[in-house]
Amino acid sequence: MSLMNVGVSALTANQAALQTIGHNIANVNTKGYSRQTVALETVAGQNRGNGFIGNGVSVASVMRNYSELLNKQSNAANAASAADAARSQSLTQMQDVFSGGDSSLGSAVSNMMNAFSDLQTSPTDASARNVVLARMSELASRFRASSAALEEQDYTTKLQITNDVNQVNSLAVQVATFNTQISRALASGHSPNDLLDQRDQVIREINQYVKTTQVEADDGSINLFVGGSQPLVLGASSGQLSVSEATNYPGSGKLALYFSQPGGEKVELTANMVAGGEVAGLLKFNNEDLAEARNLMGRMALAIGTELNKQNKLGLTLSGEHGSDLFYLPTSMPGYSNIPGYDLGTPSASVAFTDTHALVASDYKIVFGANHPADTKIVRLSDGKTRSLGDPALNYTTTGTNSTFTVDGLTFTLDATANAGADGQSILFKPFSSAASDIKALVYTPADLAVANPVSAAINQDNKGTLQLSQLKAVGTGVPAVGTPVTLTFSIDATGKILYDYNGNTSGPQPYQSGKPITIDGWQITLAGTPQAGDKVEVSNALEPSLGDSYKRNAGNATAFLDLRDAKIFDGGTALTDGFSSAMAVVGTRTQSAQYAAELSASVAASLEGDRTAVSGVNLDEEAARLMQFQQAYQASAKVIQTAQSLFDSVLNAVNR
C-alpha cells in the first residue's frame with residue numbers, strides 16, 4: 001500500500017497545484033489579485049531498517065506572491081500621482097477662463113479703451129458715446145461671467161472633495177471588516193490569500209483619495225493612519241473624514257479636512273498634512289490656485305474700474321458737470337478670524353484699496369505675536385513675504401481703539417477686538433475675492449460720459465517764440481477756478497536758460513524743457529517749441545463764461561482715457577490693456593508646472609506599480625508552462641496509482657491460487 005499512498009499524495013498535491021494555477025488564470029484581470037503558488041514538501045520517509053523509504057508529498061501551504069515594501073511604495077506613489085493629476089486637471093479647466101480670443105476679457109478691455117478713439121475726434125457724437133457705454137457694460141458682464149465660471153468650478157471642486165471623502169469613509173469600513181475576517185482566518189494557522197488581496201486593493205483605492213500610512217498588527221489586521229497620526233482604521237473600528245471651512249477663518253470659504261473617531265472631537269487636517277491623494281490635490285487647488293485666479297481677476301476689475309472712475313471724475317459731461325463713477329466697485333473687504341468677539345457682520349478688521357498701482361494679486365494674513373504690534377506679522381500669501389507691523393514703512397497708526405497700516409496699496413484697519421488677538425491667532429484677508437463678481441456699469445446716459453477737458457489753454461497771439469500746445473489734461477481736482485486763470489510767463493536768465501513762472505507760484509521761476517509736462521495743482525500742460533522772453537500761455541477753467549460751450553468740443557479727457565491704455569498699472573510695469581495677458585501668463589505657468597508634476601508623478605507611480613505587478617501579477621505564459629508541468633505530473637501520479645493497483649491485483653491473484 002505504500003506505493004499507492006505515494007501515488008495518492010502526488011495526485012492530491014498536483015491537483016492542488018493545477019487548481020491554484022487555474023485560479024491564477026481565472027483572476028488574471030482581477031484588480032489587486034496576487035499570484036498564488038503551491039508550496040510542496042516531502043512527507044517524512046519511513047525507516048525500514050536498511051534506509052528511509054519515501055512516503056510521497058504533501059501541500060505545505062498556498063503562498064501569495066507579495067512584496068510589502070513594493071506595495072507600500074506603490075500606494076504612496078499612486079497617492080502623489082492622484083493629487084497631482086486632480087490639481088492639473090482642475091487647473092486646465094480653470095485656464096479656459098483665462099484663454100485669449102475675441103470673447104476673452106483682454107479683448108473686452110481693448111475694445112472698451114479703443115472706443116474712446118472715436119470720441120477723441122467727435123466728442124459730441126451720441127453714437128460714439130453709446131459705443132463706449134456699451135463696451136463698458138460688456139466688460140463688466142465679462143468680468144461677472146468669468147467670476148461665475150470660477151465660482152462654478154469652486155462648487156464642483158467642493159462637491160468632488162465631499163464625494164471623495166464619503167468614498168474614503170465607506171472604504172475604511174470595508175478595511176475594518178476585512179481586518180476582522182482576516183484575523184479569524186489566520187487563527188486557523190493558514191493565510192487567507194484572497195481576503196488579503198481584497199483588503200490591499202481597498203487600501204490602494206483609499207490612497208487614490210487620501211494618502212495613508214499602513215501599520216500591520218500582530219493579529220494580521222492593518223491599521224491605517226491619515227494626516228500623519230490620525231487612525232482612520234484601527235483594527236475592527238474605523239474613523240470618519242469630513243470637509244468644511246477652516247476653523248480659523250469662518251466665512252472665508254477656505255476648506256480643511258477633518259478627522260473624527262466615533263464620539264470624538266474633530267481634528268483639522270491641512271492639505272499639507274493630507275500629503276497625497278485626490279483630496280489633497282483638490283484642497284490645494286481650491287485654497288491656493290482658485291484663490292489666486294480670483295485675486296488676478298479681482299485685481300484687474302478693481303484697477304481698471306478705479307482708473308476709469310478716477311478719470312471720468314476729472315472730466316466734464318455735456319451738461320458741464322464733473323463726471324461720476326463709471327463702475328460700481330467694492331471699497332473694502334472684511335477679514336476672517338475666530339478671535340473671541342470677532343464680528344463678521346460688522347467686521348472687526350477690514351482692508352480698503354488706496355493705490356491701484358501698488359496692488360499685488362494675493363491674500364494676506366495677520367499673525368499675532370506675544371507683543372502686539374511689534375511681534376505681529378503681515379504675511380503676503382502669494383509668495384510668503386512677511387513684514388512686522390513695527391516696520392516704519394507700514395506706517396502703523398493708532399487712533400483711539402483702532403489701528404491702521406498700509407501694505408501693497410492696501411490699508412488694513414483693526415478695531416479693539418481684532419487688536420486683542422492672542423499670540424498665534426490670525427486674521428485672513430481676501431481683498432480681491434469678490435471684485436470681479438460685484439463690478440457693474442453705472443453710467444447709461446451718453447451725455448453723462450465725461451470726455452470734455454475741465455481746463456482750457458490759450459497761447460498768447462503776441463508771442464514771439466514757437467510755443468505750441470501738445471497736451472492739456474486734468475490730473476486732480478485743483479483746476480483753476482472760474483474767473484482766476486493761471487498765466488505762464490516765460491523768461492531767459494543771464495546764462496540763456498529758459499524759465500517759466502505763473503501767478504500764485506511760491507517756488508520761483510522753474511526751468512522749461514520742450515515736451516516735458518508741467519504740472520500745477522490738479523492739471524498738467526505739455527508745450528513744445530522754444531519761447532521768447534515775455535511769451536505767455538493762459539490756462540483757465542473750461543466753464544469760463546467767455547468760452548461759452550466750447551468745452552463740449554474739447555475731447556481732452558477722452559485723450560486721457562486713451563492714454564490709460566499704456567498706463568503702467570499692474571506689477572509696476574504692465575500696461576492696463578496688457579493686464580489680462582499678464583494674468584494669462586501667471587495661470588498658464590502654474591498650469592504647465594502642474595501638468596509637468598502630474599506627468600512626472602504618473603511616471604513614477606507607473607514604474608513602481610510595474611515593479612509590484614512583476615512580483616504579484618499573473619503572467620499567462622508562465623502559468624501555461626506551469627499548467628503543462630503539473631498536468632504531466634498529475635498524469636504520472638495517476639500512472640503510479642495504476643501501477644500500484646496492478647501490483648496489488650497480481651499479489652491477490654497469486655494468493656488465491
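In strand 7, Val-233 is the bridge partner of Leu-224. Helices (H or I, at least four residues) and strands (E, at least two) are taken as DSSP runs, numbered from the N terminus. The structure is a predicted model, in which local features need pLDDT of at least 70 and side-chain atom pairs count only at pLDDT 80 or more, whereas totals for chains, interfaces and linings use all residues. Residues are numbered from 1 along each chain as its sequence is written, and side-chain values use heavy atoms, with hydrogens and water left out.

Strand 6 (residues 222–226) and strand 7 (residues 230–234) run antiparallel and are joined by 3 bridges; two strands are considered paired if DSSP finds at least two bridges between them. Both belong to an open sheet of 4 strands, with the order 5-6-7-8 and antiparallel pairing. Strand 5 (213–216) and strand 8 (237–238) stand at the edges with a single partner strand each, so one side of each is left without a neighbour in the sheet. Helix 6 (residues 193–209) packs on this sheet and touches strand 5, strand 6 and strand 7. The direction of helix 6 makes about 0 degrees with that of strand 6, where axes are lines fitted to C-alpha atoms, for helices over the stretch in contact, and angles run from 0 to 180 degrees between N-to-C directions.

Arg-64 is found in strand 4 (residues 57–64). With a relative accessible area of 17%, Arg-64 counts as buried; buried means under 20%, exposed over 50%, and partly exposed in between (1.4 Å probe, protein chains only). When neighbours within four places in sequence are left aside, Arg-64 is in contact (heavy atoms within 4.5 Å) with Ser-34, Arg-35, Asn-193, Leu-196, Asp-197 and Asp-200. Thr-156, by comparison, is 92 residues from Arg-64 in sequence and 42 Å from it in space, C-alpha to C-alpha.

The structure holds 21 salt bridges, each defined as a side-chain nitrogen of Lys or Arg within 4 Å of a carboxyl oxygen of Asp or Glu. One of them links Lys-284 and Glu-288, with the closest N and O atoms 2.9 Å apart. These two residues are 4 residues apart in helix 8 (residues 278–314), which means that about one helical turn separates them. Lys-284 is partly exposed at 31% relative accessible area, and Glu-288 is likewise partly exposed, at 38%.

Another salt bridge connects Arg-590 and Asp-289, whose closest N and O atoms are 2.5 Å apart. This pair links distant parts of the chain, as Arg-590 lies in helix 12 (residues 579–616) and Asp-289 in helix 8, 301 residues apart. Arg-590 is partly exposed, with a relative accessible area of 25%, while Asp-289 is buried, with 1%. Arg-590 also forms a salt bridge with Glu-292 (2.5 Å, N to O). Glu-292 lies in helix 8 and Arg-590 in helix 12, so this pair ties together parts that are 298 residues apart in sequence. Glu-292 counts as buried at 17% relative accessibility. Through shared partners, salt bridges join Arg-87, Asp-289, Glu-292 and Arg-590 into one network.

Leu-620 is found in helix 13 (residues 620–656) and is partly exposed, with a relative accessible area of 45%.
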